[in-house]
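Please look over the points below with the structure open beside them.

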Amino acid sequence: NVRGNRLSQQLAFRLPQPRPQPGEMWRDPDEDAQYSVMCCDEIRVTGAGPSFGEITTLGRLMDPQGKLLAKFTQAYRVTRGSRLLQLRGTLDITEQPRADGWNSYYAVRFAWPDAAPELWRSVGLTAQPTAAKRIEASDYIELRGEKSRLTLFPGGLPYHRYNGFRMLDTLVSVRGESQVSFAMAVGFDVLHPAQDAWSLY
């Protein structure tokens, strides 16, 4: 019952920032944060049956100068009668993140059109409001608006960075991390997110 773009998503590498000089004024890292460029090289229809449809994309993540940082494969699947968009992906990483895991990482990046929705995170089997920049939630995160609700199911990925009031990074890989694949889902106006989270994975 809601028209228009409700959510955007991309894979991204948060590029490490230069170290501050001694005596330099402190600046919020999010103000000057730079991210990679996501370039899609190929789109394939990998499922077009009566019960589900699936599209798979292949491409590269590059820095602003065009240097290769990683290659990716990502698949989107919708099932008939379901309110969930399933998302699976794999990264082939060339450039490793820096040691600061909260400022240099590979992530699934979400963005929504306006800053009105409230952000809620799962705590145990309950939902709690949050305005923190660094969020820990392995079951789900909700965007609650007046007329609609979006639920992000991170598939067990526990760490998220809230940027501004319209973007959320779900961290997939930091320095020293061997896991380079993920399985997530986005729910549209789901009524019981905790049950969906536990039944998905």
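1. Arginine 44 is partly exposed, at a relative accessible area of 38%; the term covers values between buried (under 20%) and exposed (over 50%), using a 1.4 Å probe and protein chains only. Glutamate 42 is also partly exposed, at 36%. The side chains of these two residues, arginine 44 and glutamate 42, form a salt bridge at 2.8 Å, N to O. A salt bridge here is a side-chain nitrogen of Lys or Arg within 4 Å of a carboxyl oxygen of Asp or Glu.

2. The model is predicted, with local features needing pLDDT of at least 70, side-chain atom pairs counting only at pLDDT 80 or more, and totals for chains, interfaces and linings using all residues. Residues are numbered from 1 along each chain as its sequence is written, and side-chain values use heavy atoms, without hydrogens and water.

3. Glutamate 42 has leucine 58 in strand 4 as its bridge partner. Strand 3 (residues 37-48) pairs with strand 4 (residues 52-62) in the antiparallel sense over 10 bridges, and three residues lie between them in the hairpin. Strands are DSSP runs (E, at least two residues), numbered from the N terminus; pairing requires at least two DSSP bridges between two strands.

4. Glutamate 54 and arginine 88 form a salt bridge at 2.7 Å, N to O. This pair links distant parts of the chain, strand 4 and strand 6 (residues 84-93), 34 residues apart. Glutamate 54 is buried at 8%, whereas arginine 88 is partly exposed at 41%. Glu54, Arg77 and Arg88 are linked in a salt-bridge network.

Terms used. Helix = DSSP H or I, 4+ residues; strand = E, 2+ residues; numbered from the N terminus.
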